[in-house]
Amino acid sequence: MTEIIIEAGRTEAHYWRDLWRFRELFGFLAWRDILVRYKQTSIGVAWAVIRPLLTILIGAGIFGGLANMPSDGVPYAVMVCAGTLPWYFFASALSDSSASLVGNANLISKIYFPRLILPVSAVVVAFVDFAISLVILGCLMAWYGMVPTWRLLLLPVFILLAFLSAMGPGLLFTALNVKYRDFRYIIPFVVQFGLFISPVFYSTTAIQERYGDMGRLIVAINPVVGIIDGFRWAICGTTTLHWESFILSTALSVFFLILGVWYFRKTEKTFADVI
């Protein structure tokens, strides 16, 4: 059992070391949230598959079947799936991490531990759902006879990027949500609006063909664009990764991560008093 001595300035001097010391608490919180998410549901973890599957079917039917949108030379359902899965991961991670502090108010007000554990464990829970939903992608690729290429080996890189991209805004919003409870209404709106401005049901190649490279760069201001393009590049094997827009999206993700960590650490000492 690790003994933690509370002393003046400890949270600043030993914060990152304490994160490692509280790793068991981190695992417990993540496991607790996984169990609670599907507790007393009749079909359990199948919801992790049903939600994105319905989105894929509706998107492929409307945009692929009725609107006849281009799909970069791959089956439209696979292209939509490669955009839906990372989007759901990002959206779930952002929503869950943003509510993590308020949802654990009793724990925060009773004991000391690095508060960063709470939003990070929430993102891990979203990752578990994402990992389960990959079954959809495997089934679609098998159905259409698509053979993975060497690019699939780089998929973990884009998954890590999605993790970090969700962490930045998640840390910022969860810290703001402690003081300003209005954010519990703002965050669902941001997530819902983000679905339509992110290239989930269409390809960024179509934007480039219509508006040129500048149009694609403007769209890439949305950090999720780089993640979705990366997923499609790794999974579909035929799409071309637009490096300028990908670098822009990645740079914005890193910026928001730094901003989120900075603001979270700046306000962390007040959480127990305000919450």
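Author: Here we go through helix pairs and then pockets and cavities. Please keep in mind that this is a predicted model.

Reader: Thanks! How are two packed helices described?

Author: Two packed helices are described by the angle between their axes and the distance between the axes. Take α5 and α10 here: their axes are 10 Å apart, and the angle is about 170°. An angle over 145 degrees counts as roughly antiparallel, and therefore α5 and α10 are roughly antiparallel to each other.

Reader: Which residues make the contact of α5 with α10?

Author: From α5 come Trp87, Ala91, Leu94, Ser95 and Ser98, and from α10 come Ile187, Val191, Gly194 and Leu195. By class, six of the residues in this contact are nonpolar, three are polar and none is charged.

Reader: At what angle do α9 and α13 pack?

Author: For α9 and α13, which spans residues 243-267, the angle is about 40° and the axes are 8 Å apart. Their crossing is left-handed. Among the residues in contact are Phe158, Leu161 and Leu172 of α9, together with Phe246, Phe256 and Tyr263 of α13. This contact of α9 with α13 has 16 nonpolar and seven polar residues, with no charged ones.

Reader: Now the empty space. How do I find it?

Author: Rolling a probe the size of a water molecule over the atoms shows where empty space is left. In this model, the largest pocket holds about 310 Å³ of space. It has 16 lining residues, and the closest to the pocket's centre are Phe90, Leu94, Val190, Asn222 and Pro223. Two or more lining residues come from each of α5 (76-98), α9 (155-179), α10 (183-197) and α12 (223-236).

Reader: How many residues in the lining of the largest pocket are nonpolar, polar or charged?

Author: The lining of the largest pocket has 12 nonpolar residues, four polar ones and no charged ones.

Reader: And how many cavities of 30 Å³ or more are there?

Author: The count is two cavities of 30 Å³ or more. The largest cavity has a volume of about 90 Å³. Its lining residues include Arg51, Tyr88, Asp129 and Phe130. At least two residues of the lining of the largest cavity come from each of α4 (47-66), α5 and α8 (117-143).

Reader: Which classes of residue does the lining of the largest cavity have?

Author: The lining of the largest cavity has seven nonpolar, two polar and two charged residues. You can now look up each of these places in the structure yourself.

Methods: Residues are numbered from 1 along each chain as its sequence is written. This is a predicted model: local features need pLDDT of at least 70, side-chain atom pairs count only at pLDDT 80 or more; totals for chains, interfaces and linings use all residues. Side-chain values use heavy atoms; hydrogens and water are left out. On a 1 Å grid over the protein atoms alone, a cavity is a set of points where a 1.4 Å probe fits but cannot get out, and a pocket is an open set with protein on both sides within 12 Å along at least five of seven lines; lining residues have an atom within 4 Å of a point. Grid points are joined across faces, edges and corners, and a volume is the space filled by probe spheres set on the points. Helices (H or I, at least four residues) and strands (E, at least two) are DSSP runs, numbered from the N terminus. Ala, Val, Leu, Ile, Met, Phe, Trp, Tyr, Cys and Pro count as nonpolar, Asp, Glu, Lys and Arg as charged, and the others, Gly among them, as polar. Axes are lines fitted to C-alpha atoms, for helices over the stretch in contact, and angles run from 0 to 180 degrees between N-to-C directions. A crossing is left-handed if the near helix is turned anticlockwise from the far one by less than a right angle, and right-handed if clockwise. Contact means heavy atoms within 4.5 Å. Angles under 35 degrees count as roughly parallel, over 145 as roughly antiparallel, 65 to 115 as roughly perpendicular and the rest as oblique.
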